[in-house]
Amino acid sequence: MIRTTIIGLGLIGGSLGLALKKFGGVEWFITGYSRRQETVKQALQQGAIDRIGIDIHGAVSEAEMVVLATPISAIPDVLIEIAPHLKAGCIVTDTSSTKEQVQNWAVSSLPPGVPFVGGHPMAGKETWGFDVAEPGLFEGATYCLVPSPSTTPRAIKLVTKMVETIKANPLSISANEHDRLVAGISHLPLVISSTLAILTQKDPSWPQMSKLAAGGYRDTTRLASGSPQMGRDICVTNRKALV
């Protein structure tokens, strides 16, 4: 049994729990933690987790692996909170859309003997929250695995096992290359989509213009309806590559 704690139970964290339980069954014992108690209760009721972490310290104390599925901007504080409570050999990974900054935070915050492996599933929706989580979200998707200076062969093996269990395809890549590549194929489209939505909807002629909006406008602005916090965090932590 692999004792895994998922911190953050939105679209990605919730879908990860659902997928591990659906495809991995009893091999994965999952503790879930969220600052929103209604979310963690919902995750338990729907079978995404086996146990509720009442507090973040207790949620990670027995974990063999901890998955950070919070917004990027929350990660530094979460790392500081959990670091003293992780047992030796526990593996920490994340699901963030940017990797170099997150890796720097992890390396500086986690204690010796706690390896970090960056992770980024190339899957998602323009909606967010546990309500839209689904076990099939990662099927066939590329899941980036980003080794850090503290990564061990055992850590890579266990995180890879998690990725394969949820039916995703692991891809090993450096933090710098990851951020450079996703800036073009993921982050720039988000900025363009948001910019188009803002420019058109603030235009004085929008009441008339909106009557003519059809499939092209809908498709191009779809990304703009995603989480504003996620978009902000992406721009702040991957500024150089995005520019």
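## Close-up views of a predicted model

An open sheet of eight strands runs in the order β3-β2-β1-β4-β5-β6-β7-β8, with mixed pairing. This is a predicted model: local features need pLDDT of at least 70, side-chain atom pairs count only at pLDDT 80 or more, and totals for chains, interfaces and linings use all residues. Residues are numbered from 1 along each chain as its sequence is written, and side-chain values use heavy atoms, without hydrogens or water.

**View 1. The edges of the sheet.** β3 (51-52) and β8 stand at the edges. Each has a single partner strand, so one side of each is left without a neighbour in the sheet. Strands and helices here are DSSP runs, numbered from the N terminus: strands are E, at least two residues, and helices are H or I, at least four. Two strands pair if DSSP finds at least two bridges between them.

**View 2. Strand β7 and its two partners.** β6 (residues 116-121) and β7 (residues 142-147) run antiparallel, joined by five bridges. Histidine 120 has cysteine 144 in β7 as its bridge partner. β7 and β8 (residues 169-172) run parallel, joined by four bridges. Threonine 142 stands opposite asparagine 169 in β8, and tyrosine 143 stands opposite proline 170 in β8.

**View 3. The crossover from β7 to β8.** From β7, the chain passes through helix α6 (residues 153-165) to β8, in a right-handed β-α-β crossover. Right-handed means that, with the strands pointing away from the viewer, the path from the first strand over the helix to the second runs clockwise. Lysine 167 lies in the loop between α6 and β8. Lysine 167 is not a glycine, yet has a positive phi of about 75 degrees. Most residues other than glycine have a negative phi. Lysine 167 is partly exposed, at 42% relative accessibility. (Buried means under 20% relative accessible area, exposed over 50%, partly exposed in between, with a 1.4 Å probe and protein chains only.)

**View 4. The largest nonpolar core.** This core holds 34 residues. Leu16, Ile49, Met65, Phe138, Met162 and Ile166 touch the most other members. Two or more residues come from each of β1 (2-7), α1 (11-24), β2 (28-33), α2 (37-45), β4 (65-68), β7 and α6. α1 gives the most, with six residues. A nonpolar core is a set of buried Ala, Val, Leu, Ile, Met, Phe, Trp, Tyr and Cys residues joined through side-chain atoms within 4.5 Å. Apart from this core lies another, of 24 residues, among them Tyr33, Ile56, Ala63 and Ala106.

View 5. Cysteine 90 is buried, with a relative accessible area of 0%.

**View 6. Cysteines without disulfides.** The whole structure has zero disulfides (pairs of cysteine sulfur atoms within 2.5 Å). Cysteine 235 is in no disulfide. Its nearest cysteine sulfur, that of cysteine 144, is 19 Å away. Cysteine 235 is partly exposed, with a relative accessible area of 30%.

**View 7. Glycine 136 in its loop.** Glycine 136 lies in the loop between β6 and β7. Glycine 136 is partly exposed, at 28% relative accessibility. Glycine 136 and valine 67 are 69 residues apart in sequence and 18 Å apart in space, C-alpha to C-alpha.
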